[in-house]
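The notes follow the display.

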Amino acid sequence: MVSEREFKDFMAGVCTPVAVVTAMADGLPHGTTVGSLTSLSLRPPMVTVALDRRSRLLPRIRRAGRFGVNLLGAGQDGVADIFASPAADRFDQVEWYADEGLPRLRDAPGWLVCRPRRFVAGGDHLLLLGLVDRVWGAEGAPPLVHGHRTFGTHSAFTRRKHLSITDQIAAFAR
C-alpha cells in the first residue's frame, strides 16, 4: 500500500490551478482555497471541484444551491493563503462584492457562477460537479498555479528579458 506521505510527495509535483470557491449563507460570505478545479464537460459546460468532507463550505453550497469560483492570478498567493487558513475573518482581508448573490473577489482574473449537479464521494473528499451558468475571464491574465509546494505561474507567462537584436548577435558571436 502507498503511504500518505509518498502520495502527497508525488502529487506535489503536479501543477494545479488555484481558485477560491465561495458561497453565501445567512447573508454572510464563505470561501475556501482549492487546487482541484478542472473542466468536466463542454456540453453542458461543467467543472469539478474537490472539497474535504469536513469543509464548512459544503453544507452552505448545498443550502444555497449555487457556488462561485474565483480563479486566482499570478501574484495572488497571499489571497490563496488567506482562504486556506482557518481564520474566520477571511473576507475582511480582501476586496470582494456580491455578484449574482455570490462572493466574488475583486481582483480575481476569472469568475464562474455554478449550480451543483452532483456530489460524488471520493475518500476523504467530495467531488462537486457544477453546471456553469456564467463565466467571466480576463483574457491573457497569467494564472496562479501550485506545484512542488510553491505558488507560481505557467512558464509562458513569466516575464523574460528581451534582448535587443544587437545583444542577441553579440551573445551568438561568443
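I began with the packing of helix α2 and looked for contacts (heavy atoms within 4.5 Å): the buried residues of α2 pack against β2 (19-25), β3 (28-34), β5 (46-52), β6 (67-71), β9 (110-122) and β10 (125-137). I took helices (H or I, at least four residues) and strands (E, at least two) as DSSP runs, numbered from the N terminus. This is a predicted model, in which local features need pLDDT of at least 70 and side-chain atom pairs count only at pLDDT 80 or more, while totals for chains, interfaces and linings use all residues. Residues are numbered from 1 along each chain as its sequence is written, and side-chain values use heavy atoms, with hydrogens and water left out.

I then listed the residues of α2 (residues 57-64) that are buried, and found Leu 57, Leu 58 and Ile 61; buried means under 20% relative accessible area, exposed over 50%, and partly exposed in between (1.4 Å probe, protein chains only). Seen down the axis of α2, these buried residues fall within an arc of 100 degrees, so they line one face of the helix; the arc is that of the directions from the helix axis to the C-beta atoms.

Next I went through the backbone. Just after α2, I noted Gly 65 with a positive phi of about 75 degrees. Asp 26, in the loop between β2 and β3, is a residue other than glycine with a positive phi, near 55 degrees, and I recorded it as exposed because its relative accessibility is 72%.

Finally, I found a cis peptide bond joining Arg 43 and Pro 44, with omega about -5 degrees.
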